[in-house]
Amino acid sequence: MSAEEIPAPATAPRMKAADRRELILAAATAVFGAKSYVGTTTDEVARAAGVSQPYVVRLFGTKEKLFIAVVERAYARVIDEFRRVMPGPDETRIDRMGAAYTDLLAERGMLPVIAHSTSLGGEPEIGRVARRGFSDIWRFLREEAGFTPETAREFFATGMLINAVVGLRLTGDYGDEVSATEVLDSCFPGAVEQVRTLLPAADEPW
């Protein structure tokens, strides 16, 4: 997949530095999510963001540092979304948080980046950041959401299963393959069709 296939966000004249940084991170999330860390270049990210490659390098330095910023943003987004849906009845909290995680599919590359980060634990810097993000979510579930260790484990396990569904693009097998159908029905009760509209088929680009 080429970066040209990823729609470039519109840029605005005299955009604030923080806004331009966010624009680049959103574009980088989509590109890294589609092509992985190894398969992505800063030039592809720059084209997707509508900026020059030297600007990306000047802002972030190396591709590794750019990916780390993308991973940190992704884990922070997860916690922000969980925190956003916290208010409400305790008995439906886990359902609201699960729906919030699924809704992150709407941002291209978000969940694939999180899933990919967990496979890079052997990379010294990337692995350190991914482990910290993983731990931050666990602590949030235990300390702010008030989950027991068992509930946190089950919630986390479902999230990792969702990441596998996203990475494998199992939605294309829904209704045709028994295990894929059961997994999707289990992960997204009542929301399978919504998820299928958000995820590309196996032969489509992100």
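With which side chain does the side chain of Arg139 make a polar contact? Please also describe the surroundings of Arg139.

Analyst: The side chain of Arg139 makes a polar contact with the side chain of Asp136, at 2.3 Å. The model is a predicted one, so this distance, like the other values here, is computed from predicted coordinates. For the protein chain the mean pLDDT is 88, and 89% of the residues reach 70 or more.

Arg139 belongs to helix 7, which covers residues 124-144. Its relative accessible area is 40%, and because that value falls between the 20% and 50% cut-offs, Arg139 counts as partly exposed. In sequence, 13 residues separate Arg139 from Ala152, while in space their C-alpha atoms are 9.3 Å apart.

Helix 8 runs over residues 149-168, and its axis comes within 9 Å of the axis of helix 7. The two axes cross at roughly 135 degrees. An angle over 145 degrees would count as roughly antiparallel, and 65 to 115 degrees as roughly perpendicular; the two helices are therefore oblique to each other. The crossing of helix 7 past helix 8 is right-handed.

Glu81 is in helix 4, which spans residues 63-84 and has the highest confidence in the protein chain, at a mean of 97. The lowest confidence is in helix 10 (residues 192-198), at 79. Glu81 has a relative accessible area of 15% and is buried, whereas Arg139 is partly exposed. The side chain of Glu81 also has a polar contact, in this case with the side chain of Arg84 at 2.9 Å. Leaving aside residues up to four places away in sequence, Glu81 touches Ala100 and Leu104.

Ser36 is the other residue. It sits in a loop, between helix 1 (17-35) and helix 2 (42-49). Ser36 is partly exposed, with a relative accessible area of 26%. Its phi is positive, at about 80 degrees, although Ser36 is not a glycine.

Key. Residues numbered from 1 in each chain as written. Heavy atoms only, no water. Helix = DSSP H or I, 4+ residues; strand = E, 2+ residues; numbered from the N terminus. Buried < 20%, exposed > 50% of the residue type's maximum accessible area, 1.4 Å probe, protein only. Polar contact = N/O pair within 3.5 Å; in protein donor to acceptor, adjacent residues only side chain to side chain. pLDDT = per-residue confidence, 0-100. Axes fitted to C-alpha atoms, helices over the stretch in contact; angles between N-to-C directions. Parallel < 35°, antiparallel > 145°, perpendicular 65-115°, else oblique. Left-handed = near helix turned anticlockwise from the far one by under 90°. Contact = heavy atoms within 4.5 Å.
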